Amino acid sequence: MDLKQFLQEYEHCSCGQKHECSLKDVQIGSGYVHRVGEILKKNGFPRNLLLVADKTTLAVSDGITQSLKDFDVTLKVYDRLRVARMDDVRAIEAYFNEGIEAVLSVGTGSLNDPCRLACARHNKMFAIFATAPSMDGFASASSPIVDHGFKLSYQAKNPEVIIADTKILAQAPVELKSAGFGDMVAKYVALIDWKISNIVLGLPCCEKVFALTRYAADRVMRNADKVTANDEEAAAVIFEGLLYTGMAMGFVKNSHPASGAEHVMAHYMECKELLEGKEPNFHGEDVGVCTLVMLEYYERLAQSSCVRAHRERNDWQDICEVYGPLAEEM
């Protein structure tokens, strides 16, 4: 991906909104695990670096620490981190008092998100080495973090650099690649919802950003039969699609290009599971299932002879009963 050329295409958009992205560099290629240090150095990363990973992501990224020979590296390695919590954010922030100047997250969502928020709060440089094409948040400027049992998205920052090794992406567990695919097929519902919100409520809808999400989703769908295979080309296509939709959200400064009713449903499921002390599914799995539900709904809606919009009506008593201690936050 030629990031500079890509971003130039979205300058001076006819929609009138300034489409910004603070990403400096995106590097995707075979064997790039051995080039991480070189890429960070080229992009001006300081010497004192915190590498955040779990035992699995560090093991599959064999060679990454050797590539960082020109950096003073401190390791923070979790046994396993499936749910990012505010305590994880604070734990990373504590390293900044010990001279850490930048963070490299090795892994995906739950490992990336606390780093993203901690770096945003302390104005530190942040890079991601992705180990699976599993979600669209790599290029995001927000962090979904669980605090007091409720999952909220906090304004954070884009990473300065994103690096991915297609060999590692292709060898990622099937369930992670499937989650990334689920997150991508959801974009069709997101685009429907975005267009409807534009027609009914007059909310802005940039046709150029809309087309970017559609292009990314269509490209992934054309590779659907290769999603679970050990295929470097397909893994790169899915990863790039996830990056494009993440940047699309940044361009319009909201989640309309990539998140619709299916994400609200998935968020509800995840909060309920956390409330009940259960470990949630991978986000993309929930989103993929909810996409099917919403597409069935829209298919029925399309058969209606007349469709009228009305203001949202919430049964707050029902919501309070279902959410229990989370109801006030909801």
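Trainee: How many bridges join strand β4 to strand β5?

Mentor: The model is predicted, with local features needing pLDDT of at least 70, side-chain atom pairs counting only at pLDDT 80 or more, and totals for chains, interfaces and linings using all residues. Residues are numbered from 1 along each chain as its sequence is written, and side-chain values use heavy atoms, leaving out hydrogens and water. Strands (E, at least two residues) and helices (H or I, at least four) are DSSP runs numbered from the N terminus, and two strands pair if DSSP finds at least two bridges between them. Strand β4 (residues 102-106) and strand β5 (residues 125-130) run parallel, and the number of bridges joining them is five.

Trainee: Which residue in β5 stands opposite V103?

Mentor: β4 and β5 are joined as parallel strands. Opposite V103 stands F126.

Trainee: Why is one side of β1 and of β3 left without a neighbour in the sheet?

Mentor: The open sheet has six strands in the order β1-β8-β5-β4-β2-β3, with parallel pairing. One side of β1 (25-29) and of β3 (72-78) lacks a neighbour because each stands at an edge with a single partner strand.

Trainee: At what angle to β5 does helix α6 run?

Mentor: Axes are lines fitted to C-alpha atoms, for helices over the stretch in contact, with angles from 0 to 180 degrees between N-to-C directions; contact means heavy atoms within 4.5 Å. Helix α6 (residues 109-122) lies across β2 (48-54), β3, β4 and β5, and its angle to β5 is about 170°.

Trainee: Which residue in the turn between β6 and β7 has a positive phi?

Mentor: Strands β6 (residues 142-147) and β7 (residues 150-155) run antiparallel. They form a hairpin with two residues between them, and the one with a positive phi, of about 55°, is H148.
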